[in-house]
Amino acid sequence: MPVTNFDSKEKYRYQNGFDSYLESEAVSGALPVGHNSPQKPPLGLYAEKLSGTAFTAPRHENKQSWLYRILPSCSHPPFVQATPPDGQEPVLEQSPARLHHIPNQLRWDPFDHESDTDFISGLRLVAGAGNPTLKQGLGMYVYAAGKSMSAQSAFYSADGDLLIVAQDGVLDIRTEFGWLLVRPMEIAVIPRGVRYQVLLPSGPVRGYALELYQGHFQLPELGPIGSNGLANARDFQAPVACFSEDHGSIALDGPNSYTITAKFNNTLFETKQPHTPFDVVAWHGNYYPYKYDLGRFNTIGSISFDHPDPSIFTVLSAPSDHPGTAIADFVIFPPRWLVGEDTFRPPWYHRNTMSEFMGLITGAYDAKKGGKGGFVPGGASLHNVMSGHGPDAASYEGARNAELKPQKVGEGSCAFMFESCLMVGVTDWGLKTCHKVQEDYNEHSWGGVKVHWKGMPEGEKGQEHLL
């Protein structure tokens, strides 16, 4: 079934398309016709341009939108650095001096749910690389929240685009562009600079996120696959314009107070303004938030022999300046049929020049056992650059001795991977403070790997390696 059957039903209208030039107006006539910044925009609105790339970026890369709003977003007092709640240490800091670059394979038990955090205070940086001030690298997060953000608050990140992977619980995300309902088995991308607010209509939530400090996500090239397959552009959904009216006669006069939180070089800053940030009546452009149902992914695989490279499962890719090499790939392992003849069907043992951070949204992953001390929903693993990994001993033996008939794996399951060409460091929180690292991960997974070597055949002396 190429559409997920969600427990929480959709309640919003959307526009469809990936990297499309879209337009939306909540009031007829709010969009100017034929130009972007008229002397007096329709309905007394302000025109504001939101640029996601340099003005002179090549046309096929250029990202920008025009917003038509009641008050411009610059109308606020100066930001001040936010104080961590209850004297907590900042958990978003990513300076190289505070990251642990280690070759060990790591796996985490499911991260805790939280009752007293909202989406922003519940973000925890687990690992990362690079520097947002240079617009290089990425950050890998988990989030856990037990309450909605205040209705009079908004958040934005100047550091990068945020890809959100919902694992447990529903996110009702209000953005300047409109609303997105994001449920487990859906992802959302909030571009750099876009202000948003996260509500929790079904209670506590938990999930994963990746912040991309450089570039933007693209659909992977399909090459000989052809013109369709993997994540199809028509299945991505963008919001329609929706706005509120809460303001005074001038920008610094209004009946209420809204707290705007900015993430700037992995540090949080706050300001308060007396007018709503969600006052965009109309917009047009190709720089906007969007979501995608992972159940619509068109999985490609071998129908003869061997397990192809996992790049065939790529949903979104953020390329580096080297062709074919990504700063970040978002890859999923959804339900799929395996039919390879004389083939070890799970992923093979591997050492990779890329770093692999994996999480499990639901179900069980076919190459790793679940249960206590295993790979289970809400947990994660990290196999850094050139750290060996692969099926655990039990999974290997099961696949080695399996009857090779057509088999559907992953029914009711979906694992994912953030893959990066960068060597990532792990934060203090990820390595120590969270208390979720499985100390016996290696022994549990590969300590029992059997030796199947049969020894030198009788009469065989082997090939001499010396001249």
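## Ground rules

Since what you have is a predicted model, local features need pLDDT of at least 70 and side-chain atom pairs count only at pLDDT 80 or more, while totals for chains, interfaces and linings use all residues. Residues are numbered from 1 along each chain as its sequence is written, and side-chain values use heavy atoms, with hydrogens and water left out.

Let's start with β15, which covers residues 205-212. Helices and strands here are DSSP runs (H or I, at least four residues, for helices; E, at least two, for strands), numbered from the N terminus. Of the 8 residues in β15, 8 are buried; that word means under 20% relative accessible area, with exposed being over 50% and partly exposed in between (1.4 Å probe, protein chains only). In a regular strand the side chains alternate between the two faces of the sheet. In β15, V205, G207, A209 and E211 point one way, R206, Y208, L210 and L212 point the other way, and all of them are buried.

Which strands pair with β15? One is β8 (residues 136-145), which runs antiparallel to β15 and is joined to it by 8 bridges. Another is β10 (residues 161-168), also antiparallel, with 7 bridges. Two strands count as paired if DSSP finds at least two bridges between them. G207 in β15 is the bridge partner of Y143, and A166 stands opposite G207 too.

## A318, tucked into β21

A318 sits in strand β21 (residues 314-319). Is A318 buried or exposed? A318 counts as buried, because its relative accessibility is 1%.

Contact means heavy atoms within 4.5 Å. Not counting residues up to four places away in sequence, A318 touches L212, H216, F217, A326, I327, A328 and D329. L212 belongs to the set of β15 residues described above. A318 and G215 are 103 residues apart in sequence, yet their C-alpha atoms are 6.6 Å apart in space.

## S75, in a loop

S75 is found in the loop between β4 (64-69) and β5 (80-81). S75 counts as buried, because its relative accessibility is 14%. Leaving aside neighbours within four places in sequence, S75 is in contact with A251, Q273 and H275.

## Cysteines

How many disulfides does the structure hold? The count is 0, where a disulfide is a pair of cysteine sulfur atoms within 2.5 Å. As for individual cysteines, C421 is partly exposed, with a relative accessible area of 24%, whereas C434 is buried at 10%.
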